[in-house]
Amino acid sequence: MDGNNQQHSLWDVFRDEFAGATYTDLTHAFFPGQPRFATFPDEQRTLLHDYDQGDDGQVHLYTHVGQWGTHVDPPVHYVKGGRTIDNIPVSQMLLPLVVLDISARVIENPDSTPTLADIDAWEQRFGRIPQSSFVALRTDWSKRWPDAARMSNRGSDGLSHCPGWSQEVLTCLIERRQVIAIGHEQLDTDPGLSVSAGNDDLERYVLTCDRWQIEMLTNLDKLPPAGALVMATWPKPKNGSGFPARVIAIHR
């Protein structure tokens with residue numbers, strides 16, 4: 001391959017592979033009044049310039065917490081001195097995507113969490129979970145968006161009943177499969193019963209391991225369990241502890 005052909009080789013990959021692929025948006029559009037963590041203030045949005053005001057353009061002022069809507073949590077979110085979002089390399093923003101699907105169990109039991117048997121079943125079908133991949137937990141909980149009450153799903157006991165990750169699965173993914181990041185459809189990494197008890201150990205574990213995560217994904221039901229890529233990106237505030245993200249799956 002001469003230098004000219006080598007220079008354009010990724011164009012060939014795009015034309016032959018990516019251009020015929022499906023692009024699925026895994027991101028909720030955010031807005032004032034949406035579901036959010038209980039202690040967070042609502043978004044404030046001000047129209048500074050607009051055509052109807054006689055201006056020649058439109059400009060909004062957005063005020064919201066970093067953990068707003070579909071968003072990225074870097075290690076510093078829970079770890080003093082941890083990596084900030086401007087220090088997550090762009091090489092980690094395009095990764096192999098693994099989808100662990102427990103949505104059928106969640107219909108029967110909203111407190112469901114994944115087990116090692118789910119990983120075993122996935123790997124029996126598709127092979128070992130790739131190192132340096134992104135693993136998303138499919139629960140179909142995003143179908144409840146943007147109904148805050150249905151997202152939190154509080155029972156007569158006053159506790160939140162919603163799915164989340166499990167320690168055994170996260171330990172396997174991070175320490176044995178060495179994945180780079182995880183994602184889920186719920187507002188929290190930890191299941192609702194843990195969050196109701198003030199326990200966020202699973203999120204702390206993920207971030208303490210110097211991994212990052214995306215919360216409040218959507219459209220995982222439209223993806224294959226294996227073979228897709230995920231592109232996750234966000235703005236670059238210096239020393240940022242979180243920000244709304246745009247997440248896209250590329251698949252056949």
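A histidine in a loop

Modeller: His 28 is buried, with a relative accessible area of 10%; buried means under 20% relative accessible area, exposed over 50%, and partly exposed in between, with a 1.4 Å probe and protein chains only. The model is a predicted one, in which local features need pLDDT of at least 70 and side-chain atom pairs count only at pLDDT 80 or more, while totals for chains, interfaces and linings use all residues. Residues are numbered from 1 along each chain as its sequence is written, and side-chain values use heavy atoms, with hydrogens and water left out.

The loop that holds His 28 runs between β1 (22-25) and β2 (44-49). Strands here are DSSP runs of E with at least two residues, and helices are runs of H or I with at least four, numbered from the N terminus. Beyond its neighbours within four places in sequence, His 28 is in contact (heavy atoms within 4.5 Å) with Thr 70, Ser 142, Trp 145, Met 216, Leu 217 and Thr 218. With Trp 145 there is also a polar contact between the two side chains, at 3.4 Å. A polar contact is a pair of N or O atoms within 3.5 Å; within protein, one must be able to donate a hydrogen and the other to accept it, and residues adjacent in sequence count only if both atoms are side-chain atoms.

Strand β1 takes part in a link of another kind. Asp 25 in strand β1 and Arg 246 in strand β11 are 221 residues apart and join distant parts of the chain. Their side chains meet in a salt bridge of 2.8 Å, N to O; the term means a side-chain nitrogen of Lys or Arg within 4 Å of a carboxyl oxygen of Asp or Glu. Asp 25 is partly exposed at 25% relative accessibility, and Arg 246 is partly exposed at 47%.

Arg 252 is exposed, at 59% relative accessibility, whereas Glu 17 is partly exposed, at 44%.

Helix α2 (residues 9-18) also holds Asp 12 and Arg 15, three residues apart, about one turn of the helix. Their side chains meet in a salt bridge of 3.1 Å, N to O, and a network of salt bridges links Asp 12, Arg 15 and Asp 16.
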